[in-house]
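Here is a short briefing on a sheet and on a pair of aromatic rings. Look at the structure first, then read the points below.

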Amino acid sequence: KSQPLPEEELDEAPPEAIEGRTDAAPTRAWFPETFLFAPQGVTNDQGEASVSVPVPDRLTTWRVLGLAHDQQGRTAGSVHAFDGRLPLSVEAIVPAFLTAGDVVRLPVQVANTTGDAVDTTLEFGVVGAILLESPTRVVVPAGGSTTAWFTVQAEAAGQAEVSVRLESEAGRD
């Protein structure tokens, strides 16, 4: 059985390494500045090497620098850039606190980084509050975003949890 990660290592661990994760859908949770340093990679006879790594959840453009040398000391290098972002993402904007009985209308932004419009279903989960109304379908334009609104009522003192999950047109989360 694996041991839980120390608190100071949680920000540097890939999401699948954090014990007890029960997310129904992937969430952004891993944010290191550098996610791969492999100084002793070896190529095949054609001079090719491959490394499979999980990409951190930072919404940024990553730069990969590859440097190599052969047995005669000749060197070569290359830089490649790629965007680290999900094709679809959802973000609910919730207040830090509410008073028991408060009714609030909250925005959910759904972003689409693909080249095609996406027709998707939103599923809301609320614990410690009452979900009064929520949209079920949204259409997000190619390379754009849309805002949907849902309404909750704070039930009583204590914490409340709101989750929003989206399902793509292909039926995959």
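In strand β4, V110 is the bridge partner of V90. Strands here are DSSP runs of E with at least two residues, numbered from the N terminus, and two strands pair if DSSP finds at least two bridges between them. This is a predicted model, in which local features need pLDDT of at least 70, side-chain atom pairs count only at pLDDT 80 or more, and totals for chains, interfaces and linings use all residues. Residues are numbered from 1 along each chain as its sequence is written, and side-chain values use heavy atoms, with hydrogens and water left out.

**The sheet**

- Four strands form an open sheet in the order β3-β4-β8-β6, with antiparallel pairing.
- The edge strands, β3 (88–92) and β6 (129–133), each pair on one side only.
- On average, neighbouring strands of this sheet are turned by 30° against each other, direction ignored (axes are lines fitted to C-alpha atoms, and angles run from 0 to 180 degrees between N-to-C directions).

**Strand pairs**

- Strands of a sheet pair through backbone hydrogen bonds, either parallel or antiparallel.
- β3 and β4 (residues 103–112) run antiparallel and are joined by five bridges.
- E91 has Q109 in β4 as its bridge partner.
- Nine bridges link β4 and β8 in the antiparallel sense.
- L106 stands opposite F150 in β8.

**The aromatic pair**

- The structure holds one aromatic pair (ring centres of Phe, Tyr or Trp, its six-membered ring, within 6.5 Å; planes under 30 degrees apart are stacked, over 60 edge-to-face, the rest tilted).
- F124 and F150 form this tilted pair, at 4.8 Å centre to centre and 40° between the planes.
- F124 lies in β5 (residues 118–127) and F150 in β8 (residues 145–154), so the pair ties together parts that are 26 residues apart in sequence.
- F124 and F150 are both buried (under 20% relative accessible area, with exposed over 50% and partly exposed in between; 1.4 Å probe, protein chains only).
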